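Have a look at the model first, then read on.

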Amino acid sequence: MKNISEKNINMAYYLMDRFGLDLEDKEFFWKIAAPIFEHEEFQRRMNDDEFLHHDTVNLGIHLLSDAIMTYKLAQRKCFDEVTKTRAVIIALFHDLYELPWQNNKIVKNRLVNSHGFVHPVEVAINVATWYPEYFDNEEEAEIIIDGIMHHMFPFPVRVLDGSDLELNNKEKFDRLNSNIKSIIINSSNRFKLGAVSICPSKFKEGRIMSKADKIVSLGKDLKTFNGLIACLTGHNSNL
């Protein structure tokens, strides 16, 4: 284990206990999760002072919770180990966006460029930049990226259509290789309706992760009225 705070490691194991993983499942899950969890950008998102995601739940805890729930759902569906691993990877990646969104004073020129619509695009760009080893194989890359891009379904995702998305990490997109750019663009254009795409992931890994995200977000993360309102307005008076 790299130089990670004991508090964050303890939180990860607490969550595995909270979700009821047995010892064998913990070992399998942590083998997948540890290389992603150890990255400095993931560790930043375990910080309550910087990245609160839903209400007062930090982003790192949300990602871990989603990943564990994804693992449990994949177990129930009897997914094989490869499919289960991909689904957990998507869950650990799916909200690694660039900037905190609650009470963020950055104003976008277009509603469809606001956080809810655009963050899956930012996430795909970020993880392809920070974790390039997961995107060497084109088939694997498409499954992971499509799962990230459409994890909010039925909420739309912004289409990369040549117009300005007002991305917070556009410079990273410009540096990606052409194959990864094409996968992101093509995924965003599926079932295009104007400036947005409305469709689930075309892969079962992404669909099971999307279901887990809703279970965690609505059943565990969002506990107050102000937290729910923040999902619509971006402003959370609890913070």
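This is a predicted model: local features need pLDDT of at least 70, side-chain atom pairs count only at pLDDT 80 or more; totals for chains, interfaces and linings use all residues.

Residues are numbered from 1 along each chain as its sequence is written, and side-chain values use heavy atoms, with hydrogens and water left out.

On a 1 Å grid over the protein atoms alone, a cavity is a set of points where a 1.4 Å probe fits but cannot get out, while a pocket is an open set with protein on both sides within 12 Å along at least five of seven lines; lining residues have an atom within 4 Å of a point. Volumes are the space filled by probe spheres set on the points, which are joined across faces, edges and corners.

The structure has 1 cavity of 30 Å³ or more. Residues lining the largest cavity include Met149, His150, Phe153 and Cys199. As for the second largest pocket, its lining includes Leu160, Asp161, Lys170 and Ile185. Helix H8 (residues 170-175) gives the largest share of that pocket's lining, 3 residues. Helices here are DSSP runs (H or I, at least four residues), numbered from the N terminus.

In the table, Ala, Val, Leu, Ile, Met, Phe, Trp, Tyr, Cys and Pro count as nonpolar, Asp, Glu, Lys and Arg as charged, and the others, Gly among them, as polar.

| Space | Volume | Lining residues by class |
|---|---|---|
| Largest cavity | about 40 Å³ | 8 nonpolar, 2 polar, no charged |
| Second largest pocket | about 160 Å³ | 5 nonpolar, 2 polar, 5 charged |

**Helix pairs**

How do H6 and H7 sit together? The axes of H6 (residues 115-130) and H7 (residues 138-149) come within 8 Å and cross at roughly 150°. That makes the two roughly antiparallel, a label for angles over 145 degrees. Axes are lines fitted to C-alpha atoms, for helices over the stretch in contact, and angles run from 0 to 180 degrees between N-to-C directions. Pro120, Val121, Val123, Ala124 and Val127 of H6 make the contact with Ile145, Ile148 and Met149 of H7, where contact means heavy atoms within 4.5 Å. By class, that gives 8 nonpolar residues, no polar and no charged.

The axes of H1 (residues 6-18) and H2 (residues 23-37) come within 12 Å, crossing at roughly 145°. Here Asn8, Ile9, Ala12, Tyr13, Met16 and Asp17 of H1 meet Lys26, Phe29, Trp30 and Phe37 of H2. This contact has 7 nonpolar, 1 polar and 2 charged residues.

Definitions and conventions. Angles under 35 degrees count as roughly parallel, over 145 as roughly antiparallel, 65 to 115 as roughly perpendicular and the rest as oblique.
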